[in-house]
Amino acid sequence: MTAPAILAAARAQGVSVTLVPGGTLAVRGPAEARGRLLPAIRESKPALIEALTPHRRWLVHFPDVAPIDLVCCPPATRSELLEQYPSAARLEPYDPPPRAPNAPLSDAEGAKVRAWLDSIGEDDPEIRDEVLDRCETVREARDYFLGLAGEALGADNWDDQRTCGECANLIAGQCRAARWGGPLSQRPIRDLPRRCEGYAPGADDSDRRHGRERWPGLSSERG
Ligand code: SF4
């Protein structure tokens, strides 16, 4: 009997088989059912421990298509993934070395991650610094946290916004456009994403449209 089959049989009979820290198994449930299952559980103990050990990253292989590289949060076990991907031919825990990002974390990306931390009430400075540090240094961590932020905050609200830090009108912390009058603040908040009619694309912005063209009909937002 395979480990997944034993776990399925245990579930069907109201028996729970769980991994105990330290690498052993706990078997709980009705005595009669446990008695029936224990011989198979003992015989397949290494396979069951392996099946119940969670991993953060998996390669899921299918018979006819390329494998899926899956990042699981929280980490998932082999048996949990087999329930999600019953047609998988093979599951392979996969722990690649961390990769550095291609570019520094932009002001907008940093602001998005900070806004997400605010939205979940995370105010521990050490944890906030650690999350932002991981976003600065590990590509997968950046993708992961930006993905979470996008889901939580709504991608539509963020994807087209720009921060003053990305705007060519911000010079030495002062908004040059504010000198021309209107509602703009002379010293705007640098990292706050916004849609501003005074926006002028900075050197790193591949979209060269200015604010009025980019967000037609917009009234300037106050900084
Ligand atoms: S307030 Fe508008 S114009 Fe001024 S720096 Fe920010 S984005 Fe640029």
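Predicted model: local features only at pLDDT ≥ 70, side-chain atom pairs only at ≥ 80, totals over all residues.
I take buried as under 20% relative accessible area, exposed as over 50%, and partly exposed as in between, with a 1.4 Å probe and protein chains only.

Residues are numbered from 1 along each chain as its sequence is written, and side-chain values use heavy atoms, with hydrogens and water left out.

**Salt bridges.** I looked up charged pairs next. Side chains of opposite charge can pair when their charged atoms come close. My cut-off: a side-chain nitrogen of Lys or Arg within 4 Å of a carboxyl oxygen of Asp or Glu. I get nine salt bridges by this rule.

I started with Glu50 and Arg78. Their closest N and O atoms are 2.8 Å apart. Glu50 is partly exposed at 33% relative accessibility. Arg78 is buried, at 17%.

Then I checked Glu32 and Arg36. This salt bridge has its closest N and O atoms 3.4 Å apart. Both residues sit in helix α2 (residues 31-43), four residues apart, about one turn of the helix. Glu32 is exposed, because its relative accessibility is 63%.

I also looked at Glu197 and Arg212. Their side chains form a salt bridge at 3.4 Å, N to O. This pair links distant parts of the chain, 15 residues apart: Glu197 is in the loop between β7 (174-175) and α8 (211-214), Arg212 in helix α8. Glu197 is partly exposed at 22%. Arg212 is exposed at 61%.

**Aromatic pairs.** I pair rings of Phe, Tyr and Trp (its six-membered ring) when their centres lie within 6.5 Å; planes under 30 degrees apart are stacked, over 60 edge-to-face, the rest tilted. I find two aromatic pairs.

The ring centres of Phe62 and Tyr85 are 6.2 Å apart and the planes meet at 65°, so I file the pair as edge-to-face. Phe62 is in the loop between β3 (55-61) and β4 (68-76), and Tyr85 in the loop between α4 and β5 (90-93), 23 residues apart. Phe62 is buried at 18%.

Trp116 and Phe145 form a tilted pair, 5.8 Å centre to centre with 45° between the planes. Trp116 is in helix α5 (residues 107-119) and Phe145 in helix α7 (residues 139-153), so the pair ties together parts 29 residues apart in sequence. Trp116 is buried at 10%. Phe145 is buried at 15%.

Note on methods:
Helix = DSSP H or I, 4+ residues; strand = E, 2+ residues; numbered from the N terminus.
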